[in-house]
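Good morning, colleagues. I would ask you to look at the model on the screen while I go through its side-chain contacts and its surface.

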Amino acid sequence: MADDSTVALLQEIRNLQKRQTELLQTFVAGQQQGLDNQQQSLAVQQQVVERQKLVLARSARIWMFVLLGGFMLFFLSLLTPFLRLFGRLMSGH
């Protein structure tokens, strides 16, 4: 009887150890999947950063063009009266 209960106890311990091993394997697989997902996320974030850099560079060029155009229009609007005055002075002599 003692042998039967010892064998049953050892079998139960063996079964629990197998179950623990299976759970650990599942846990490790889940951790690996999580790491893989994090690596993929970091790669996507790096792509987003690169795209944002490109967009920022493009928008900076566009803003420079717009500001330069606005400055040119402002300068021409100020220059026109002086050119008319200069033309009148030149034709008056």
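Let me begin with a term: a residue is called exposed when its relative accessible area is over 50%, buried when that area is under 20%, and partly exposed in between. Please also keep in mind that this is a predicted model.

Ile62 has a relative accessible area of 52% and is therefore exposed. This residue lies in helix H1. Ile62 also contributes to a nonpolar surface patch, together with Trp63, Phe65, Val66 and Leu67. The area of that patch is about 600 Å².

I turn now to the aromatic side chains. How many aromatic pairs does a search of the whole structure find? The search returns one. Its members are Phe71 and Phe75, with ring centres 6.4 Å apart and an angle of 20° between the planes. Because planes under 30 degrees apart count as stacked, the pair is assigned to that class. Both residues belong to helix H1, which covers residues 2–92, and they are four residues apart, about one turn of the helix. As for accessibility, Phe71 is exposed at 52%, whereas Phe75, at 42%, is partly exposed.

Leu76 is likewise found in helix H1. Its relative accessibility is 43%, so Leu76 counts as partly exposed. For a sense of distance along the chain, consider Leu76 and Val48, which are 28 residues apart. Their C-alpha atoms are separated by 41 Å.

The next topic is charge. Side chains of opposite charge can pair when their charged atoms come close. With a cut-off of 4 Å between the side-chain nitrogen and the carboxyl oxygen, the count is two salt bridges.

One of these salt bridges joins Glu22 to Arg19, with 3.6 Å between the closest N and O atoms. Where do Glu22 and Arg19 sit relative to each other? They are three residues apart in helix H1, so about one helical turn separates them. Glu22 is partly exposed, with a relative accessible area of 43%, and Arg19 is partly exposed as well, at 47%.

The other salt bridge is formed by the side chains of Glu50 and Lys53, at 3.9 Å from N to O.

Thank you for your attention.

Definitions and conventions: Residues are numbered from 1 along each chain as its sequence is written. This is a predicted model: local features need pLDDT of at least 70, side-chain atom pairs count only at pLDDT 80 or more; totals for chains, interfaces and linings use all residues. Side-chain values use heavy atoms; hydrogens and water are left out. Rings of Phe, Tyr and Trp (its six-membered ring) pair if their centres lie within 6.5 Å; planes under 30 degrees apart count as stacked, over 60 as edge-to-face and the rest as tilted. Helices (H or I, at least four residues) and strands (E, at least two) are DSSP runs, numbered from the N terminus. Buried means under 20% relative accessible area, exposed over 50%, partly exposed in between (1.4 Å probe, protein chains only). Patches are made of residues with over 30% relative accessible area and no salt bridge: like charges are joined within 9 Å, nonpolar side chains (Val, Leu, Ile, Met, Phe, Trp, Tyr) within 5 Å. Accessible areas come from the Shrake-Rupley method with a 1.4 Å probe; for residues, only the protein chains shown count as cover.
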